[in-house]
Amino acid sequence: MRALIAIACLSAQQAREELKVKTAEALSAGCTVTEIKETMYHAGAYCGYPRIKDALAIVNEYLVSAGIDPNEEDQGTVNADNRFEKGLDVQVGIFGQGIITSMDAAAPDVKHFRTFLSSNCFGDYYTRGTLDLKMRELITFTTIITIGGCEPQAKAHVRANLNVGNTKQTLIDALTTCVPYIGYPRTLNALACIEDVCK
């Protein structure tokens with residue numbers, strides 16, 4: 001778990017050398033190429049595609065240099081016709097129908113963003129194989145706190161982590177893994193989010 005959390009964090013930051021080191025550590029700890037890549041793909045929904053594209057290039061370069069096949073097993077489970085519906089099902093399962101309904105009612109003029117969120121973040125990523133919901137939520141939380149300045153979303157995903165079975169201590173452990181990479185201001189902001197939701 002620690003290795004994948006670090007990979008999510010370092011991918012969001014495009015930390016070239018550190019990402020290579022952590023990839024080697026993740027493989028030594030028993031992580032598969034597919035688990036590493038799924039972590040990165042999932043983080044991309046939160047830090048943006050260009051960062052993950054560059055981070056994937058770094059990891060692939062490392063894997064090839066280490067004589068490891070960089071190709072992962074396909075984990076997709078949705079298609080263009082059902083990604084919204086499947087994503088919404090996951091989203092409702094994590095947050096509850098009431099939250100989704102209230103978001104739609106609060107700002108109907110920007111409902112297309114919530115459609116993107118359901119289809120892309122939840123449909124395209126949360127439905128994929130290999131990583132379970134608990135790990136995917138930790139990756140989401142990690143990526144959001146790495147970016148910083150996203151405290152409302154960090155709090156929402158503290159709640160989501162608790163809803164899928166992660167504990168406050170698991171979140172603190174994930175945050176502890178990130179301290180050397182994100183620095184103390186973002187760490188303390190993330191800790192405040194955890195404490196605020198868990199009080």
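Reply: Happy to; what follows is a set of questions about labels in this predicted model, each answered from its values.

Me: Let's start with a pair of helices. Why are H1 and H10 called roughly parallel to each other?

Reply: Helix H1 (residues 2–13) and helix H10 (residues 168–198) pack at an angle of about 25°. Angles under 35 degrees count as roughly parallel, and therefore H1 and H10 get that label. Their axes are 7 Å apart.

Me: Which residues make that contact, and how do they divide into nonpolar, polar and charged?

Reply: H1 contributes Arg2, Ile5, Ala6, Cys9, Leu10 and Gln13, while Ala174, Thr177, Cys178, Tyr181, Ile182 and Arg186 come from H10. In the contact of H1 with H10, eight residues are nonpolar, two are polar and two are charged.

Me: Thanks. On to H8: what makes it "mostly covered"?

Reply: Twelve of the 15 residues of H8 are buried. They are Met135, Arg136, Glu137, Leu138, Ile139, Thr140, Phe141, Thr142, Thr143, Ile144, Ile145 and Thr146. What covers them includes H1, H3, H5, H7, H9 and H10.

Me: How do you know that the span of H8 is close to the expected one?

Reply: From its first C-alpha to its last, H8 reaches 21 Å, and the expected value at 1.5 Å a residue is 21 Å. After H8 comes glycine 148, with a positive phi near 80°.

Me: What about threonine 39 and threonine 187: what makes each of them buried?

Reply: Threonine 39, in helix H3 (residues 33–47), has a relative accessible area of 0%. For threonine 187, which lies in helix H10, the value is 7%. The cut-off for buried is under 20%, so both threonines fall in that class.

Me: Now H5. How do you know that its buried residues are on the same side of the helix?

Reply: The buried residues of H5 are Gly87, Val90, Gln91, Ile94 and Phe95. They cover an arc of only 110° around the axis, which puts them on the same side of H5. Asp89 and Gly93, on the other side of H5, are exposed. The cover over the buried residues includes helix H6 (97–106), helix H7 (111–126), helix H8 (133–147) and helix H9 (151–163).

Me: And how long is H5, and what follows it?

Reply: Helix H5 (residues 83–95) has 13 residues and reaches 18 Å from its first C-alpha to its last, close to the 18 Å expected at 1.5 Å a residue. Glycine 96 follows H5, with a positive phi near 95°.

Me: Which residues have a positive phi although they are not glycines?

Reply: Among them are glutamine 14, at about 55°, and threonine 130, at about 75°. Glutamine 14 sits in the loop between H1 and helix H2 (16–28), whereas threonine 130 is in the loop between H7 and H8.

Me: Why are glutamine 14 and threonine 130 called partly exposed?

Reply: Partly exposed lies between the buried class, under 20%, and the exposed class, over 50%. Glutamine 14 has 34% relative accessibility, so it counts as partly exposed; at 41%, so does threonine 130.

How values were computed. Residues numbered from 1 in each chain as written. Predicted model: local features only at pLDDT ≥ 70, side-chain atom pairs only at ≥ 80, totals over all residues. Heavy atoms only, no water. Helix = DSSP H or I, 4+ residues; strand = E, 2+ residues; numbered from the N terminus. Expected span 1.5 Å × (residues − 1). Buried < 20%, exposed > 50% of the residue type's maximum accessible area, 1.4 Å probe, protein only. Arc of directions from axis to C-beta. Contact = heavy atoms within 4.5 Å. Axes fitted to C-alpha atoms, helices over the stretch in contact; angles between N-to-C directions. Parallel < 35°, antiparallel > 145°, perpendicular 65-115°, else oblique. Nonpolar A, V, L, I, M, F, W, Y, C, P; charged D, E, K, R; others polar.
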